[in-house]
Amino acid sequence: MLLLAFDTATPAVTAALHDGERVLAESTTIDARRHGELLAPLIEKTLAHAGASIRDVTALVAGTGPGPYTGLRVGLVTAQGLATSLGVPAYGVCTLDALAYGSGLREEFLVATDARRKEVFWARYSSFDDRLDGPHVDKPADVPVNGLPVVGPSLYPEILGEPQAPPYPLAGFLAALAAGRLAAGERLDEPRPIYLRRPDAVEPGAPKKVIQ
């Protein structure tokens with residue numbers, strides 16, 4: 001196995017290569033506005049650090065969000081395009097699951113990321129590899145923290161508390177999580193986005209009648 005993983009659902013544009021046992025290389029840049037510019041060079045950099053080429057890759061994994069539409073689609077379109085050109089399978093893993101995995105926590109906790117519009121994406125976990133509930137999108141005050149640790153970036157600390165590391169879903173976490181699930185014979189999802197709210201753009205309604 002040579003699994004290439006990447007995520008663009010948060011400000012972290014991140015890529016990693018995993019051989020089924022360990023992360024061979026990982027590259028990450030934090031920039032919320034340049035996902036489309038940064039992902040391909042990061043993939044090339046990651047492959048170069050591992051001494052591999054894109055043709056050596058046997059599987060792809062992309063973070064499926066939830067996340068802002070513009071950034072999220074960069075990773076998913078890239079995964080689908082590479083899978084077609086290379087003739088290898090592409091899988092999707094919830095971005096919040098990658099953050100949870102990176103925490104290593106073995107107690108109940110929440111993961112929360114920025115959903116913009118003064119909201120957060122969140123999910124609840126019993127341990128680093130077991131999601132109990134979510135993902136959801138809510139106002140910070142509506143997230144049922146109930147004293148639980150929160151993993152992710154620092155968001156609304158007066159409501160959610162000071163977060164625990166990691167702040168971003170690094171691709172190494174995503175790759176290790178996916179590799180472990182595949183090795184256990186689990187079936188992974190397709191690389192399709194997790195959208196939790198309606199898109200901003202909608203079809204216009206019928207024109208209003210003008211009364212003379």
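The order is 3-2-1-4-5, with mixed pairing. When I say strand or helix, I mean DSSP runs numbered from the N terminus: helices are H or I of at least four residues, strands are E of at least two. Two strands pair if DSSP finds at least two bridges between them.

A quick word on what you are looking at. This is a predicted model, where local features need pLDDT of at least 70 and side-chain atom pairs count only at pLDDT 80 or more, while totals for chains, interfaces and linings use all residues. Residues are numbered from 1 along each chain as its sequence is written, and side-chain values use heavy atoms, with hydrogens and water left out.

Inside the order, strand 1 (residues 3–7) lies parallel to strand 4 (residues 59–63), and four bridges link the two. Look there for Leu-4, which stands opposite Leu-60 of strand 4.

Those two leucines come up again in the largest nonpolar core, among the residues with the most contacts inside it. Such a core is a set of buried Ala, Val, Leu, Ile, Met, Phe, Trp, Tyr and Cys residues joined through side-chain atoms within 4.5 Å. Buried means under 20% relative accessible area, exposed over 50%, and partly exposed in between (1.4 Å probe, protein chains only). This core has 23 residues, and helix 2 gives the largest share, six of them. Strand 1, strand 2 (12–18), helix 1 and strand 4 also give two or more each.

Strand 6 and strand 7 (residues 119–127) run antiparallel, joined by seven bridges. Val-111 faces Ala-123 across that pair, and Asp-114 has Val-120 as its bridge partner. Val-120 also has a partner in strand 8, namely Asp-138. Strand 7 and strand 8 are antiparallel too, with six bridges, and a hairpin of two residues connects them. In the hairpin of strand 6 and strand 7, Arg-117 takes a positive phi near 55 degrees.

Why is strand 7 described as largely enclosed? Because seven of its nine residues are buried.

Asn-146 is exposed, at 70% relative accessible area. Its C-alpha sits 9.4 Å from that of Leu-160, 14 residues away in sequence.

On a 1 Å grid over the protein atoms alone, a cavity is a set of points where a 1.4 Å probe fits but cannot get out; a pocket is an open set with protein on both sides within 12 Å along at least five of seven lines, and lining residues have an atom within 4 Å of a point. As for volume, grid points are joined across faces, edges and corners, and we take the space filled by probe spheres set on the points.

Last stop: the second largest pocket, at about 300 Å³. Of its 22 lining residues, Thr-10, Pro-11, Ala-32, Pro-68 and Arg-116 are the closest to its centre. Thanks, everyone!
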